[in-house]
Amino acid sequence: MSKKKKALITGITGQDGSYLAEYLLELGYEVHGIIRRVALEDQAHRMWRIRDVQDKLILHCGALESYPSIFNIICEIKPDECYHLAAQSFVTYSFEDEFSTFNININGTHYLLAAIKNLCPECRFYFAASSEMFGRAEEVPQREITRFHPRSPYGISKVAGFDLTRNYREAYNSFAVSGILFNHESPRRGFEFVTRKITSSAAKIKLGLADKLFLGNLDAKRDWGHSREYVKIMRTMLNTSSPEDYVIGTGETHSVREFVELAFSEMDLDYRKYVEIDSKLFRPAEVDLLVADTTKAKKELGWDYKVTFQELVIEMVKSDYDFFKKHN
């Protein structure tokens with residue numbers, strides 16, 4: 001009988017972490033996750049995404065900002081694979097508190113890489129990079145060799161994490177890879193993110209629980225996919241013969257306005273009657289157009305994305321409608 005592979009997921013209570021945990025459990029992994037102690041004290045709010053599989057997970061309280069904390073967890077588990085998904089990932093907040101964004105996102109990545117190198121160097125490491133690293137990109141679409149020009153503290157912190165991961169691969173021969181994932185959403189997306197803000201507001205307005213939605217730049221364009229599909233390719237990246245970085249996306253771009261129009265029309269609403277522009281919601285430095293060139297991932301990993309933009313938006317808004325109808 002073969003020994004179960006052990007996987008460690010940081011950010012296991014988040015959107016990607018919860019989908020990845022479910023996927024790895026289905027594949028027979030022993031799945032560990034790092035959570036903050038406050039999550040145990042407020043499980044209804046902080047752990048709802050993993051409640052259906054929580055009894056199958058092994059959770060460890062820790063803080064990414066503390067090297068001793070990370071060192072002790074890695075020492076105890078000695079994982080075969082580590083998926084580093086945890087981050088301060090809300091771009092708008094990164095402008096408001098860039099210091100904590102850098103501390104969590106950069107130091108947390110460095111601490112994990114260092115602990116793995118010293119304690120279990122055979123462990124394969126996945127870093128959740130981001131399309132926000134491209135920022136004001138020089139070419140469209142963006143690919144693995146497109147120059148980074150981040151336009152937010154969050155994007156800057158992800159570039160640093162990407163370079164740390166690459167450096168450990170080159171300097172210490174670590175099996176360390178970065179997945180440069182473009183925007184991916186789901187019904188598990190946090191309410192602070194624009195996509196979930198849109199779908200939840202459309203549902204609330206339909207149910208008479210709200211009457212307005214305030215948004216920033218409706219003309220910003222993104223490459224939006226489904227988180228449930230994206231987490232599967234993370235594991236594929238860690239189970240190849242050699243470590244490589246990959247761009248992952250749909251290859252299509254849609255504006256925030258299209259997202260709003262589709263979500264509201266699904267609720268039989270005209271968004272123009274309810275949406276108001278708030279200049280305070282514009283980013284200090286906007287990223288206008290991000291779209292992925294997934295040629296490398298298709299060729300080398302067999303990346304084949306099939307969920308349409310329309311299917312994604314409809315799934316999210318219907319989920320929010322059902323939730324608010326049930327709980328109000």
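Colleague: Which residues have the most contacts inside the largest nonpolar core?

Modeller: Before the answer, please note that this is a predicted model, in which local features need pLDDT of at least 70 and side-chain atom pairs count only at pLDDT 80 or more, while totals for chains, interfaces and linings use all residues. Residues are numbered from 1 along each chain as its sequence is written, and side-chain values use heavy atoms, with hydrogens and water left out. A nonpolar core is a set of buried Ala, Val, Leu, Ile, Met, Phe, Trp, Tyr and Cys residues joined through side-chain atoms within 4.5 Å, where buried means under 20% relative accessible area (1.4 Å probe, protein chains only). Here the largest such core has 36 residues, and those with the most contacts inside it are Ile9, Leu24, Val31, Tyr83, Tyr126 and Ile248. Among the elements that each supply at least two residues of this core are strand S1 (6-10), helix H1 (15-26) and strand S2 (30-35); helices (H or I, at least four residues) and strands (E, at least two) are DSSP runs, numbered from the N terminus.

Colleague: What does Val31 touch?

Modeller: Contact means heavy atoms within 4.5 Å. Not counting residues up to four places away in sequence, Val31 touches Ala7, Ile9, Ile12, Ala21, Leu24, Leu25, Leu57 and Ile58. Another core, of 34 residues, lies apart from the largest one, and Cys82, Ile104, Phe162 and Leu164 are among its residues.

Colleague: Is Phe125 buried or exposed?

Modeller: Phe125, whose place is in strand S5, has a relative accessible area of 2% and is therefore buried. Phe125 and Cys82 are 43 residues apart in sequence, yet their C-alpha atoms are 4.9 Å apart in space.

Colleague: Which domains does the assignment give, and how many residues of each are in contact?

Modeller: Domain bounds come from an automatic or database domain assignment. For this chain it gives domain 1 (6-184 + 224-248) and domain 2 (190-222 + 253-290 + 299-327), and 27 residues of domain 1 are in contact with 24 residues of domain 2.

Colleague: How is the size of an interface often given?

Modeller: It is often given as the accessible area lost when the parts come together. Between domain 1 and domain 2 the buried area (the accessible area, 1.4 Å probe, that two parts lose on being put together, summed over both) is about 2400 Å², of which carbon and sulfur atoms give 69%.

Technical notes:
Buried < 20%, exposed > 50% of the residue type's maximum accessible area, 1.4 Å probe, protein only.
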